[in-house]
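User: Hello! I am new to reading protein structures, and I would like to learn how to read one feature at a time. Could you walk me through it?

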Amino acid sequence: MRSILLCNELDPAKRVYSEETLAYLYKNAGLEKGVINKEAVLAEPEKYADVDFIFSTWSMPAFTEEEIRSIFKNLKCVFYGAGTVQAFARPFLKCGVKVFSAWAANAVPVAEYTVAQILLANKGFFPCSYFQSKGEYFDSKKAFENYPGNFGEYVGIIGAG
């Protein structure tokens, strides 16, 4: 069994895959050390013919169906440690590769963050914080008076993705 960590950028992979998780994947999934990007894959496609599993997260590169079929001849699954897979998944799915996402695990923290931002915004936190940081306390107090708080307020969500 052979696996790779495939991301166009190093930082997202480091943020999502902890040292403990990587150690587990090295031992149990045959994960190779290091992060591979699309440029490396395209430069030496023959090196990836026997890859069984791809692990990734934000900055997962997109591949065409032709690239997937010619490069990842043994690929069974892509495990995506983030939410939506819309930017890259369709060609993999059309090639019979299963794609798994962490959307369910991300849903609660994203909702919590959204609620927190709404609560803070309704209390005028952001403009008040700005004025406070500059020592402009009068402007901060004046800004605070323009915000109603949260009780009885209606909030509309324009988009959810």
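Predicted model: local features only at pLDDT ≥ 70, side-chain atom pairs only at ≥ 80, totals over all residues.

**Reading the model step by step**

User: Is Glu67 buried or exposed?

Analyst: The general idea is to look at relative accessible area, where buried means under 20%. Glu67 has a value of 19%, so Glu67 counts as buried.

User: Which residues does Glu67 touch, not counting residues up to four places away in sequence?

Analyst: Leaving those neighbours out, Glu67 touches Lys38, Leu42, Ala62 and Phe72. One of these, Lys38, also lies over the face of Phe63, at 4.8 Å from the ring centre. Elsewhere, the charged end of Lys33 sits over the ring of Tyr26, 4.4 Å from its centre.

User: Now the rings. How many aromatic pairs does a search of the whole structure find?

Analyst: The search finds 9 aromatic pairs. To read one, check the distance between the ring centres and the angle between the planes: under 30 degrees is stacked, over 60 is edge-to-face, and the rest is tilted. The rings of Phe53 and Phe79 have centres 5.9 Å apart and planes at 50°, so this pair is tilted.

User: Why can we say that the pair ties together parts that are apart in sequence?

Analyst: Because Phe53 lies in strand 3 and Phe79 in strand 4 (residues 77-80), the pair ties together parts that are 26 residues apart in sequence. As for accessibility, Phe53 is buried at 16%, while Phe79 is partly exposed at 27%.

User: What kind of aromatic pair do Phe79 and Phe100 form?

Analyst: Phe79 and Phe100 form a stacked pair, with 5.2 Å from centre to centre and 15° between the planes. This pair links distant parts of the chain, with Phe79 in strand 4 and Phe100 in strand 5 (residues 98-101), 21 residues apart. Phe100 is partly exposed, at 38% relative accessible area.

User: Which residues form one aromatic cluster?

Analyst: Phe63, Phe72, Tyr80, Phe88 and Phe92 do.

User: How do I spot residues that are apart in sequence and yet meet in space?

Analyst: Compare the gap in sequence with the distance in space. Asp50 and Asn74 are 24 residues apart in sequence and 5.2 Å apart in space, C-alpha to C-alpha. Asp50 is placed in the loop between helix 3 (38-43) and strand 3, and is partly exposed at 42%. Beyond its neighbours within four places in sequence, Asp50 is in contact with Arg2 and Asn74.

User: Last one: which residues make the nonpolar surface patch?

Analyst: Leu120, Phe125 and Phe126 make this patch of about 250 Å². Phe126 is found in helix 7 (residues 125-133), and its relative accessibility of 38% means that Phe126 counts as partly exposed.

Note on methods. Residues numbered from 1 in each chain as written. Heavy atoms only, no water. Patch = residues over 30% accessible without salt bridge, like charges linked within 9 Å, V, L, I, M, F, W, Y side chains within 5 Å. Areas by Shrake-Rupley, 256 points an atom, 1.4 Å probe, with all protein chains shown as cover. Salt bridge = Lys/Arg side-chain N within 4 Å of Asp/Glu carboxyl O. Helix = DSSP H or I, 4+ residues; strand = E, 2+ residues; numbered from the N terminus. Buried < 20%, exposed > 50% of the residue type's maximum accessible area, 1.4 Å probe, protein only. Contact = heavy atoms within 4.5 Å. Phe/Tyr/Trp six-rings, centres within 6.5 Å; stacked < 30°, edge-to-face > 60°. Lys NZ or Arg CZ within 6 Å of the ring centre and 35° of its normal.
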